[in-house]
Amino acid sequence: MSQTAELTLGGKSYELPVIEGSEAEKAVDISKLRGASGLITIDPGFKNTGSTQSAITFLDGEKGILRYRGYPIEQLAEKSNFIEVAYLLVHGELPTQEQLSAFEGSITEQNDIPEEVKTILEGFPKSAHPMGVLSAVISALTAFYPEALNPNPTKEEADKLINGLIGKLPTIISWAYKMAKGESTVAPSKEDDYCTNFLKVMFSKEGEDYKVDPVVVDALNTLLILHADHEQNCSTATVRVVGSSHASLYSAISAGVSALWGPLHGGANQAVIEMLEAIKEDGGDTKKYLAKAKDKNDPFRLMGFGHRVYKNFDPRARIIKKSCDEVLAALNINDPVLDIAKGLEQEALNDEYFKARNLYPNVDFYSGIIYRALGLDVELFTVMFALGRLPGWIAQWKEMREDNAPIGRPRQVYTGATERDYTEVSAR
Ligand code: MLT
């Protein structure tokens, strides 16, 4: 028996359908409310508003649950690898060995980008933030691959486009990174796995035999898996809205990169390290900074704590913290910033002020420390978030297109001047 909700206003009642998902989540369907009543709802930031039904990622903020296509993130982070998880997100099921080989082969086969992209990259000042460069170059790919503009690709054409973008991102990132440093770029490997290739194109130098540490490859797989999708977050919602106009996949992903760049979203991992560095420079007194975070008159904000949907802990933070310890131990790195991070975490976890406000470490709190240990510049941390989130964005774009979703076009409540006549204040 399907449930309904009743809205009563001005002596009139409106019956609204209630939908229920596979995890017993319920929503009032208001898609016909305006036609029936002239009313709309309003919900700045969409904190209580669902934009879609989706079968990709389930999270429960109260219980700290995160699953991709039903598989718990803890199991995927421990047992799977990033490309297998990318296949799971995009296609809905874990691949057979044959499907995985074909998927990985198509990604590797398409990991080159046109030499002309170097001309575009040379146009950026070396100080350009890599997220702005990444968004621009992804959008520019439509110039080199105009087939991406086809709003109705066949399955084979869409798969090729999707695999190609997954393959090209490490190359774009590494070329932008190396050219900004004045280093020679490295051609992507046609033999190595995805994470090994990424580390090689990023860190190997001409004439050097760069050895990839298997611990680092493992940590990178874990980090990218943990960032791969997160239901309707800001950047994913952006990808869906841009894609709903039938703009190209490249345009939608480019917009997602721009949305992720913000310090309230993916840019938080960069802001966390900058905060920890500032605390270290100021003597490392974590108690002093926790007091500043509680002081309403103090502009200091504790970055990497709290989350819009997780009301207890971010399950990804627990996994990343373990990986962080392993990477630093394996690389024999003694990072005072990590000590400061652990001090902040322990004190905050035992402080009623933070516990009462559900301010627990989130995925951004520890990810920056691992990226730093891997030798990445702080401005690349959000780029790493984008690399991990790419298959999630793609899966959400694909689901939106396959569902024939309507163009995203919210309504509003107007609060400006009512009608008035124009009076000339100056002769034309
Ligand atoms: C994410 O993974 O996208 C971030 O945790 C932000 C969010 O989910 O709102």
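Trainee: Is Arg69 buried, partly exposed or exposed, and what makes you say so?

Mentor: Keeping in mind that this is a predicted model, Arg69 counts as partly exposed because its relative accessible area is 21%, and buried would require a value under 20%.

Trainee: Is Phe46 buried or exposed?

Mentor: Phe46 counts as exposed because its relative accessibility is 57%, and the cut-off for exposed is over 50%.

Trainee: Switching to the ligand, which residues are around it?

Mentor: The residues around the ligand are His230, Asn233, His265, His307, Arg316, Phe385 and Arg389. By type, that shell divides into one nonpolar, four polar and two charged residues.

Trainee: Which polar side-chain atoms come up to the ligand's oxygen atoms, and at what distance?

Mentor: For His307, a polar side-chain atom lies 2.6 Å from an oxygen atom of the ligand, while for Arg316 the corresponding distance is 2.7 Å. In the case of Arg389, an N or O atom of the side chain is 2.8 Å from a ligand oxygen.

Trainee: And how much of the ligand does the protein bury?

Mentor: The ligand exposes 260 Å² when taken alone, and the protein buries 85% of that.

Trainee: What about Pro315, where is that and is it buried or exposed?

Mentor: Pro315 lies in helix α14, which covers residues 315–330, and it counts as buried because its relative accessibility is 2%. Asp29 is 286 residues from Pro315 along the chain, and the C-alpha atoms of the two are separated by 30 Å.

Trainee: How is the protein divided into domains?

Mentor: There is domain 1 (4–50), then domain 2 (72–264 + 383–401), and domain 3 (268–374). Taken over C-alpha atoms, the centres of domain 1 and domain 2 are separated by 37 Å.

Trainee: New topic: how many aromatic pairs are there?

Mentor: The count comes to ten aromatic pairs. One of them joins Tyr145 and Tyr250, whose ring centres are 6.5 Å apart with planes at 65°, so that pair is edge-to-face. Because Tyr145 lies in the loop between α6 (130–144) and α7 (155–181) while Tyr250 lies in helix α11 (residues 249–260), the pair ties together parts that are 105 residues apart in sequence. Tyr145 and Tyr250 are both buried.

Trainee: And what kind of pair do Phe203 and Tyr210 make?

Mentor: That pair is tilted, because the ring centres of Phe203 and Tyr210 are 6.3 Å apart and the planes are at 40°. Phe203 is buried, at a relative accessible area of 15%, whereas Tyr210 is partly exposed, at 25%. Ring pairs also bring in Tyr177, linking it with Phe203 and Tyr210 into a cluster.

Trainee: Last one: what does the side chain of Ser204 have by it?

Mentor: A polar atom of the Ser204 side chain lies 2.4 Å from the backbone oxygen of Lys200. Ser204 itself is in the loop between α8 (194–203) and α9 (214–226), and it counts as buried because its relative accessibility is 10%.

Technical notes
Residues numbered from 1 in each chain as written. Predicted model: local features only at pLDDT ≥ 70, side-chain atom pairs only at ≥ 80, totals over all residues. Heavy atoms only, no water. Near = heavy atom within 4 Å. Polar contact = N/O pair within 3.5 Å; in protein donor to acceptor, adjacent residues only side chain to side chain. Areas by Shrake-Rupley, 256 points an atom, 1.4 Å probe, with all protein chains shown as cover. Nonpolar A, V, L, I, M, F, W, Y, C, P; charged D, E, K, R; others polar. Domains from an automatic or database assignment. Phe/Tyr/Trp six-rings, centres within 6.5 Å; stacked < 30°, edge-to-face > 60°. Helix = DSSP H or I, 4+ residues; strand = E, 2+ residues; numbered from the N terminus. Buried < 20%, exposed > 50% of the residue type's maximum accessible area, 1.4 Å probe, protein only.
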